[in-house]
Amino acid sequence: SKQYENLENIVKNFNEILLLCIENPGTSGQKFIDKTLLFLDKINNFKFRPKFLLCVDGGISHNNIKQIDCDKIVSASNVFQNINPKKQITNLKRILNN
């Protein structure tokens, strides 16, 4: 979208970028905003992409984790609201590695 057309210049000197993929920061258990995937793709196509770490946070689950191309993932409520958080972390890692 037009509001992000200068994004490449804004972030070109960053070491890390956190992309928040939910509506309201600080509120756990929200749904992932699907249009964020387009934004994520834009960031991943920057010519200087190898120079920074990209972290994605918000709404991450077993349903969408494979679609998310980044260096780090934050998944709080999907893990902590699970009956077995350790097993859920293992499940998410397994999905990513397949």
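Author: A residue counts as buried under 20% relative accessible area, as exposed over 50%, and as partly exposed in between, with a 1.4 Å probe and protein chains only. The model is predicted, with local features needing pLDDT of at least 70 and side-chain atom pairs pLDDT 80 or more, while totals for chains, interfaces and linings use all residues. Residues are numbered from 1 along each chain as its sequence is written, and side-chain values use heavy atoms, without hydrogens and water.

Reader: What makes aspartate 71 buried, partly exposed or exposed?

Author: Aspartate 71 has a relative accessible area of 42%.

Reader: Which other pairs are called salt bridges, and why?

Author: The structure holds three. Glutamate 16 and lysine 72 have their closest N and O atoms 3.9 Å apart, so this pair meets the cut-off. It links strand β1 to strand β3 (residues 72–74) across 56 residues. Lysine 72 is partly exposed, at 39%. Lysine 31 and aspartate 34 also meet in a salt bridge, at 3.8 Å, and lysine 31 is exposed, at 63%.

Reader: What makes a stretch of this protein a helix or a strand, and how many of each are there?

Author: Both are DSSP runs numbered from the N terminus: helices are H or I of at least four residues, strands E of at least two. By that rule the protein has four helices and three strands, in the order α-β-α-β-β-α-α.

Reader: Why is asparagine 44 called buried?

Author: Its relative accessible area is 18%, which lies under the limit, so asparagine 44 is buried. Asparagine 44 is found in helix α2, whose buried residues also include Thr36, Phe39, Leu40 and Ile43. Seen down the axis of α2, these residues fall within an arc of 140°, so they line one face of the helix; the arc is taken from the directions from the helix axis to the C-beta atoms. They pack against α1, β1 and β2.

Reader: What makes the link between asparagine 44 and arginine 49 a polar contact?

Author: A polar contact is a pair of N or O atoms within 3.5 Å; within protein, one must be able to donate a hydrogen and the other to accept it, and residues adjacent in sequence count only if both atoms are side-chain atoms. The side chains of asparagine 44 and arginine 49 are joined at 2.8 Å, so the distance meets the cut-off. The side chain of asparagine 44 also reaches the backbone oxygen of aspartate 69 at 2.8 Å.

Reader: Why is a group of residues called a nonpolar core, and which members touch the most others in the largest one?

Author: The name applies to buried Ala, Val, Leu, Ile, Met, Phe, Trp, Tyr and Cys residues joined through side-chain atoms within 4.5 Å. The largest such set has 21 residues, of which Leu19, Ile43, Phe46, Phe52, Leu54, Val56 and Ile68 touch the most other members. The largest share, three residues, comes from α2.

Terms used: A salt bridge is a side-chain nitrogen of Lys or Arg within 4 Å of a carboxyl oxygen of Asp or Glu. Contact means heavy atoms within 4.5 Å.
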